[in-house]
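Please look through the sequence and the model, then read the points below.

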Amino acid sequence: MNPSLKQVVRMLAMVPYLQSNQGIPLVDLAREFKIRPAQAQRELEMMMLTGWGEFHGQLIDFDVSALEDDGVVHIRDAEFMPRPLRVSRSEAAALMVALRTLRQSAAGDQAEIIDSALAKLAEAAGTDLDPSVDVLLPAVDPAVQAAVAEALARKRRLHMVYANDTRDEQSERTVDPHRAFTQDGHRYLSAWCHKVEADRLFRVDRIVAATVLDEPATTGTSTRTRLEDLFPRGAHLPSIVVEGDPQAEWMIEQYRMEVLERHEDGSFRARQSGSDPAWLRRIVMRAGGHLRVVEPADFAREVRDSARAALAAYDGAIPEQGA
């Protein structure tokens with residue numbers, strides 16, 4: 001079981017235990033759950049942000065003075081925990097979609113836990129396990145998925161064969177995994193890559209093979225990889241300068257463009273970084289004419305040629321290159 005899941009399970013078990021053991025010393029609570037007192041106190045502080053609502057009496061609370069001054073724990077406003085779970089069909093559908101998303105990337109006992117939660121949720125909501133909305137992520141080799149989960153849980157290095165679809169090639173890499181997450185329908189692994197000696201994000205469905213090594217992962221990350229790091233920028237990366245009209249403004253945040261100029265009518269000039277020319281071309285063409293490449297001139301011609309070729313495919317015409 002991964003550390004985050006273990007923590008959630010432990011905190012859920014703590015609530016009824018504390019309700020039956022009011023005034024227990026913090027050190028005894030920590031010993032009972034086999035954690036350090038400092039960690040127990042952090043988890044109690046996290047519980048104070050949870051409940052069935054957002055106002056006083058709806059959130060779990062503790063006697064803070066008793067905890068800080070005397071080191072004993074008194075829990076209150078947690079009576080809602082023994083209540084039977086009641087959710088509407090719409091709430092159940094939203095939760096089931098989220099669980100199905102997790103299920104796509106689960107491995108080992110995680111999958112069994114999620115399946116059990118799905119069944120209990122369906123029973124509580126009086127619905128079935130086959131909602132009209134399903135979640136489909138790109139297929140991942142179960143062996144790869146299990147290796148990634150194990151490396152993260154045990155904090156071990158991972159040796160993998162990674163496929164680069166753009167260059168149609170494979171490379172071998174040894175990485176120190178940091179975390180995995182889902183973004184825009186894809187599963188990503190954030191890790192330190194020893195080949196390039198830098199943090200990198202890898203599409204899990206592009207990992208051809210993976211082996212958990214005996215060596216511990218020795219590199220950490222000072223800040224958790226952010227989702228926007230999918231689109232890094234900087235002077236070391238190739239870039240293009242584009243001009244966009246107001247209809248393309250949403251792309252600034254979506255692709256982390258560096259805004260160079262903004263105009264009163266909502267148009268703008270921005271810089272887009274990217275090491276893959278084909279990816280940059282797709283971004284410009286995705287704007288449907290609302291984005292124009294200003295520089296470099298050679299790249300602007302390539303985008304125009306690609307756009308003309310795409311349009312010509314509808315009527316069978318052969319475009320004139322470089323026109």
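In what order do the four strands of the open sheet stand? The order is β11-β12-β10-β13, and the pairing is antiparallel. The model is a predicted one: local features need pLDDT of at least 70 and side-chain atom pairs pLDDT 80 or more, while totals for chains, interfaces and linings use all residues. Residues are numbered from 1 along each chain as its sequence is written, and side-chain values use heavy atoms, with hydrogens and water left out.

**The open sheet**

- Helices (H or I, at least four residues) and strands (E, at least two) are DSSP runs numbered from the N terminus, and two strands pair if DSSP finds at least two bridges between them.
- In the sheet of four strands, in the order β11-β12-β10-β13, β11 (258-262) and β13 stand at the edges with a single partner strand each, so one side of each has no neighbour in the sheet.
- Neighbouring strands of this sheet are turned against each other by 30 degrees on average, direction ignored.
- Six bridges join β10 and β12 (residues 268-273) in the antiparallel sense, and isoleucine 240 stands opposite glutamine 272 in β12.
- Helix α9 (residues 277-286) packs on the sheet and touches β10, β12 and β13, its direction making about 155 degrees with that of β12.
- Axes are lines fitted to C-alpha atoms, for helices over the stretch in contact, and angles run from 0 to 180 degrees between N-to-C directions.

**Salt bridges**

- A salt bridge is a side-chain nitrogen of Lys or Arg within 4 Å of a carboxyl oxygen of Asp or Glu, and by this rule there are eleven salt bridges.
- Arginine 292 forms one of them with glutamate 243, with the closest N and O atoms 2.4 Å apart.
- Arginine 292 is in strand β13 (residues 291-295) and glutamate 243 in strand β10 (residues 239-244), so the pair ties together parts 49 residues apart in sequence.
- Through shared partners, salt bridges join Glu243, Arg269 and Arg292 into one network.
- Another salt bridge joins the side chains of arginine 76 and aspartate 61 (3.4 Å, N to O).
- That pair links strand β4 (residues 75-76), which holds arginine 76, with strand β2 (residues 61-62), which holds aspartate 61, 15 residues apart.
- Buried means under 20% relative accessible area, exposed over 50% and partly exposed in between (1.4 Å probe, protein chains only); aspartate 61 is buried at 16%, whereas arginine 76 is partly exposed at 41%.
- Arginine 203 and aspartate 205 also meet in a salt bridge (2.8 Å, N to O).

**Aromatic pairs**

- Rings of Phe, Tyr and Trp (its six-membered ring) pair if their centres lie within 6.5 Å; planes under 30 degrees apart count as stacked, over 60 as edge-to-face and the rest as tilted.
- The count comes to two aromatic pairs.
- Tyrosine 17 and phenylalanine 33 are edge-to-face, at 5.5 Å centre to centre and 85 degrees between the planes.
- Tyrosine 17 lies in helix α1 (residues 3-20), and phenylalanine 33 in the loop between α2 (26-32) and α3, 16 residues apart.
- Phenylalanine 33 is buried, with a relative accessible area of 17%.
- The ring centres of tyrosine 162 and phenylalanine 202 are 5.1 Å apart and their planes stand at 75 degrees, so this pair is edge-to-face.

**A buried glutamate**

- Glutamate 43 lies in helix α3 (residues 37-47) and is buried, at 1% relative accessibility.
- Beyond its neighbours within four places in sequence, glutamate 43 is in contact (heavy atoms within 4.5 Å) with Gln7, Arg10, Met11, Met14 and Ile35.
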